[in-house]
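Let's take a walk through a protein model together. Have the sequence and the 3D view ready, and follow along as we go.

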Amino acid sequence: MIPTAHIESKNKEDIAKTVLMPGDPLRAKFIADTFLEDVKQFNSVRNVLGYTGTYKGRRISVMASGMGMPSIGIYSYELYKFYDVENIIRIGSCGGYTPDVKLYDVILAKDVWSESSYAKVQGGYESEVIEGTKALNESLVKHAKELGIPMHIERIHSSDVFYRENFDEYKEIYEKHGCVAVEMEAFALFHNAKVLGKNAACLLTVSDNLATKEVTSSEERQNAFTNMMKIALEMAE
Ligand code: HPA
């Protein structure tokens, strides 16, 4: 059933088996422009840009997810189910919950805790924790080591809310659930992979820290995020 409601490509072969998903469409374009060769754009519906190309001669796609679980829920579902994508690696930013994760540090989400109803509503999944795919995580750990890029491997929090009335709630989420950082997409991505028998992983770069109140500027972010991008790009096949 392609094209889908949100992806205009008429040919499954336009999209590689492994897709990197930043939240921001312009970051998807940046990755295609900076790192990929023989690039072909396969999506521009709603400006959610998607590209396929080669990295070191191996094929890979990159497409934006938009922000939040409903958005990544739609795009990852369509890629897995209708375009036969096997692996999706989210590459995003996160807010640190503890001073142990410093600005620009890279975090691999071992698993994700969320109070979101996404997984329950989508497929009756009752637990608040979902793991990333072990095989993908092992490959990402290996690539990070080879590149000499240090990486935290930790539980993260997927939140439906960026602006909470009670700012200090993060302290309890850190202490009770062991989440070292917050983002807004991984729980839905990991759930979709689980119900569709596919693979998912999530790499994050710390862009701000709720505990120390440090923040990064948007230009700083673009450069600092290349470490995470290089690790993920090694997943090209
Ligand atoms: N909250 C949620 N998502 C985020 C944050 C945050 O503080 N920083 C980067 N992504």
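Start with Cys-179: its sulfur sits 11 Å from the closest cysteine sulfur, which belongs to Cys-94, and that is too far for a bond. A disulfide, you see, is a pair of cysteine sulfur atoms within 2.5 Å. Cys-94 has its closest cysteine sulfur in Cys-202, 8.1 Å away, so that's too far for a bond as well. By this rule, the count of disulfides comes to 0.

Before we go on, some background: this is a predicted model, where local features need pLDDT of at least 70 and side-chain atom pairs count only at pLDDT 80 or more, while totals for chains, interfaces and linings use all residues. Residues are numbered from 1 along each chain as its sequence is written, and side-chain values use heavy atoms, leaving out hydrogens and water.

Are those two cysteines, Cys-179 and Cys-94, buried or exposed? Buried means under 20% relative accessible area, exposed means over 50%, and partly exposed is in between (1.4 Å probe, protein chains only). Cys-179 comes out at 0%, so Cys-179 is buried. Cys-94 has 2% relative accessibility and counts as buried too.

Now find strand β3, residues 50-55. Helices (H or I, at least four residues) and strands (E, at least two) are DSSP runs, numbered from the N terminus. In β3, 6 of the 6 residues are buried, so the strand is largely enclosed by the rest of the structure. Gly-50, Thr-52 and Thr-54 point one way, Tyr-51, Gly-53 and Tyr-55 the other way, and all are buried.

Which strands does β3 pair with? Look for β2 and β4. Two strands pair if DSSP finds at least two bridges between them. Strand β2 (residues 37-43) pairs with β3 in the antiparallel sense over 4 bridges, with Lys-40 having Thr-52 as its bridge partner in β3. These two strands form a hairpin with 6 residues between them, and Arg-46 in the turn has a positive phi of about 60°. Strand β4 (residues 58-63) also pairs with β3 in the antiparallel sense, over 6 bridges, and Tyr-51 stands opposite Val-62 in β4. That hairpin has 2 residues between the strands, and Lys-56 takes a positive phi near 50°.

Last stop: Asp-14, in the segment before β1 (18-21). Leaving aside neighbours within four places in sequence, Asp-14 is in contact (heavy atoms within 4.5 Å) with residues including Lys-40, Thr-52 and Ser-9. The side chains of Asp-14 and Ser-9 are joined by a polar contact of 2.9 Å. A polar contact is a pair of N or O atoms within 3.5 Å; within protein, one must be able to donate a hydrogen and the other to accept it, and residues adjacent in sequence count only if both atoms are side-chain atoms.
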